[in-house]
Amino acid sequence: MLKAPMALIMAMAASVYAGSVNAEQSVHALQVGKLTIGEGQPAIIVSTSGEDEAKVLQEAEQVAQTPEADILELRVDKLAFATDAAKVTALGQAVRKVLNGKPLLLTFRTKPEGGEKAPGDVRYSELYQQWLTAGFADLIDIEMRIGETAVRELIAKAHQHHVATIVSYHDFNSTPTNEAMLQRLAQQAYYGADVLKLAVMPTSPEDVNRLTSVTWQMRQRSDKPLLTMAMGGQGTVTRLSGEIYGSNLTFGSMGSASAPGQIDVKVLHQTMAALHKANKGS
């Protein structure tokens, strides 16, 4: 028999999938520094790709000087010293100064979800705990695969330090069933995430359609900001048109892309601005 929390999660996902929905759910805007997530066109995140301090600081400076880029994601797993908590802290503090007020998203993407390192779940949580205490991040990305207890502990720690949380799920091989995708988003909401994130790999245009449909259905049930995308070339459209079906953030590239299907941040912003104008005029 399912435990009560999982039963509730599955019931929520099932009701959304079945179409038992209310009118469009408005987004509860999330304030992160000077940036409001959930109002207007989606905010654009740009990820670092550097392995050392000099390269990352150069990337941060570029983001700081690019109006189209809203958030810098510090990809810790790409660093040569990713598991050295003190060195990452020093870099994070330096990056924060360079960004001049733009939010810093801290992400350790692990190998099971497409990252470059596998520190183990206990070490992963320990590192995040230390970085949260250091106080240089505005948001953190937590992989939901580490389990409810660990996710909730990190969310609680983050909120103690006034840091917003993204709880994420990535599938670089396929697009799960609609029910499974809805269940994962509902589970993230149940854990207490501030932003719900789902990234999948489509194998057909139908998979792309299913991802956008799931996002729209979840938007009708949750007021939390959503960050959803289909990756790869086929999924590029989801990075551009998220505002239409309820996604509130997206990723753009400046140089090296951090995931397949990303496009240049300036092109992305210009296209989303045109869609936003057309959408508001409809």
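These notebook entries record what I looked up in a predicted model of one protein chain.

**Basis.** I worked from a predicted model in which local features need pLDDT of at least 70 and side-chain atom pairs count only at pLDDT 80 or more, while totals for chains, interfaces and linings use all residues. Residues are numbered from 1 along each chain as its sequence is written, and side-chain values use heavy atoms, with hydrogens and water left out.

**Entry 1, the whole chain.** I found ten helices and ten strands in the protein chain; helices (H or I, at least four residues) and strands (E, at least two) are DSSP runs, numbered from the N terminus. Of the 282 residues, 53% are buried, that is, under 20% relative accessible area with a 1.4 Å probe, protein chains only. The chain exposes about 11,900 Å², of which carbon and sulfur atoms supply 51%; the area comes from the Shrake-Rupley method with a 1.4 Å probe. I then turned to contacts (heavy atoms within 4.5 Å). Among those between residues at least 6 apart in sequence, 74% join residues at least 24 apart.

I checked the length of α6, residues 178-191. At 1.5 Å a residue its 14 residues should span 20 Å, and the end C-alpha atoms are 20 Å apart, which agrees; the expected span is 1.5 Å times one less than the number of residues. Ten of the 14 residues are buried, so α6 is largely enclosed by the rest of the structure. I noted Met181, Leu182, Leu185 and Tyr191 among them. Gly192 follows α6 and has a positive phi, near 105 degrees.

I looked up how α7 (residues 205-219) packs on α8 (residues 232-240): the angle is about 25 degrees and the axes are 9 Å apart. That makes α7 roughly parallel to α8, the term for angles under 35 degrees. Axes are lines fitted to C-alpha atoms over the stretch in contact, and angles run from 0 to 180 degrees between N-to-C directions. In α7, Pro205, Val208, Leu211 and Thr212 meet Gln234, Gly235, Val237 and Thr238 of α8.

I located Leu104 in strand β5, residues 104-107. Leu104 counts as buried because its relative accessibility is 0%. Leaving aside residues up to four places away in sequence, I listed what Leu104 touches, including Leu72, Leu74, Val95, Leu99 and Phe136. Asp138 is also a contact of Leu104; these two residues are 34 apart along the chain, yet their C-alpha atoms are separated by 5.3 Å.

Note on methods
Buried < 20%, exposed > 50% of the residue type's maximum accessible area, 1.4 Å probe, protein only. Parallel < 35°, antiparallel > 145°, perpendicular 65-115°, else oblique.
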